[in-house]
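Morning, everyone. Please have a look at the screen, and then I'll take you through the side chains.

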Amino acid sequence: MNKISIIVPCYNEDAALPIYYKEMCKIMAQMKEEEFELIFVDDGSTDHTLAEMKTLHEKDERCQYFSFSRNFGKEAAIYAGLKNATGDYAAIMDVDLQDPPSLLPKMYEILQTEDYDSVATRRSTRSGEPKIRSFLSESFYKFINRISKTEIVNGARDYRLMKRNMVDAVLKMSEYNRFSKGIFGWVGFRTKWLEYKNIERSAGETKWSMKKLFFYSLEGITGFSVAPLSLASVIGVIFCVVSFLMIILIVVRTCIWGDPVSGWPSLACIIFLVSGVQLLCTGIVGEYLSKTYLETKRRPIFILKDSSEPDKELTHDMG
């Protein structure tokens, strides 16, 4: 009998938890030959999410919970869940049922019968999502795949089922600044992709605002590509060449036509342009430097406040 660990990150999801558990019970009954553990990770919720987790734990011993001391983010919750998973297989799944549990039996069958180390999911459509959000998401995937050697599939979800060897490889990447979609691609292993149509949330509201998605995309770009640093260098070289050519042009013009008074607005525009480019390049370098700074501080990825497993360590240090 194989054991399957299901990692479920939660942030203010007290309304969605009972619905999710009910659906998962159907799947676990369908896969009765396998052993399950449901690992709910409370990412510093401010509602009754933790209380709901404790209720599920009392009702069903297969339900475990780990509660953070504050909101550390979904990436930390995924890492904490994988760190505490004891199964031969591990799956990551959203509690809002946008990751359909009904796909799990098929994913498990593929790993049992075919030569794959993981089965991942991607949305084939973005129906029900704002058009501007869909456009920005697709643009992000196109951009990052052009500048990064690590392939990140368009529409990829965190929802995937992995064998133990891939889980162990992911856990070895204990960096503080995490971007799981990139990490899953970077560690390699054979992955089969399943497509499904976009599904609306079962309850509650999305916690991913445009601002959070923007910073999350920056995390992915700076975490898996140094192209922005190269871009800053290229821009610097281009402006040096342009400046050198302009100096030659000014010298030649002065020698031939003298030195007529030039308009100051054009000069001011040039100064603002060059200053803006300099600040942009400095900002790009600063973004990478800040991540290096955070990594060297070696702060824990998460801190536990409460857990159904009292013997578990309260923090997890990097490295």
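**Rings, charges and helices**

Let's start with phenylalanine 302. Its relative accessible area is 2%. The cut-off for buried is under 20%, so phenylalanine 302 is buried. One caution before I go on: this is a predicted model.

Now the rings. How many aromatic pairs does the structure hold? Five. Let's take tyrosine 20 and phenylalanine 40. Their ring centres are 6.1 Å apart, and their planes stand at 85 degrees. Over 60 degrees counts as edge-to-face, so this pair is edge-to-face. Where do the two residues sit? Tyrosine 20 is in helix α1, residues 17-30. Phenylalanine 40 is in strand β2, residues 35-42. They are 20 residues apart, and the pair links distant parts of the chain. Buried or exposed, tyrosine 20? Buried: its relative accessible area is 0%. Phenylalanine 40 is also at 0%, and it is buried.

Next, tyrosine 79 and phenylalanine 302. Here the centres are 6.5 Å apart and the planes are at 55 degrees. Tyrosine 79 belongs to helix α3, residues 74-84. Phenylalanine 302 belongs to strand β8, residues 302-307. In sequence they are 223 residues apart, so the pair ties together parts with that much chain between them. Tyrosine 79 has 1% relative accessibility, so it counts as buried. And remember, phenylalanine 302 is buried as well, at 2%.

Ring pairs link Phe68, Phe72, Tyr79 and Phe302 into a cluster.

Phe72 brings us to charges. What sits over the ring of phenylalanine 72? The charged end of arginine 70, at 3.9 Å from the ring centre. The charged end of arginine 190 sits over the ring of tyrosine 116, and the distance to the ring centre is 4.7 Å.

On to the helices. Look at α1 again, with helix α2, residues 49-59. Their axes come within 10 Å and cross at roughly 30 degrees. Under 35 degrees counts as roughly parallel, so α1 is roughly parallel to α2. Which residues meet? From α1, we have Leu17, Pro18 and Tyr21. From α2, we have Thr49, Glu52, Met53, Leu56 and Lys59.

Now two loops. Just a reminder first: most residues other than glycine have a negative phi. Asparagine 12 has a positive one, near 55 degrees. Find it in the loop between β1, residues 3-10, and α1. Asparagine 12 has a relative accessible area of 21%, so it is partly exposed.

Leucine 97 has a positive phi too, near 70 degrees. Its loop runs between β4 and α4. At 14% relative accessibility, leucine 97 counts as buried.

Aspartate 96 lies in the loop between β4 (89-92) and α4 (104-113). Aspartate 96 is buried, with a relative accessible area of 5%. What does its side chain reach? The backbone nitrogen of glutamine 98, at 3.0 Å.

That's my tour. If you take one picture away, take the cluster of Phe68, Phe72, Tyr79 and Phe302, with the charged end of arginine 70 over the ring of phenylalanine 72. Thanks.

Notes. Residues are numbered from 1 along each chain as its sequence is written. This is a predicted model: local features need pLDDT of at least 70, side-chain atom pairs count only at pLDDT 80 or more; totals for chains, interfaces and linings use all residues. Side-chain values use heavy atoms; hydrogens and water are left out. Rings of Phe, Tyr and Trp (its six-membered ring) pair if their centres lie within 6.5 Å; planes under 30 degrees apart count as stacked, over 60 as edge-to-face and the rest as tilted. Helices (H or I, at least four residues) and strands (E, at least two) are DSSP runs, numbered from the N terminus. Buried means under 20% relative accessible area, exposed over 50%, partly exposed in between (1.4 Å probe, protein chains only). A charge sits over a ring if NZ of Lys or CZ of Arg is within 6 Å of the ring centre and within 35 degrees of the ring normal. A polar contact is a pair of N or O atoms within 3.5 Å; within protein, one must be able to donate a hydrogen and the other to accept it, and residues adjacent in sequence count only if both atoms are side-chain atoms. Axes are lines fitted to C-alpha atoms, for helices over the stretch in contact, and angles run from 0 to 180 degrees between N-to-C directions. Angles under 35 degrees count as roughly parallel, over 145 as roughly antiparallel, 65 to 115 as roughly perpendicular and the rest as oblique. Contact means heavy atoms within 4.5 Å.
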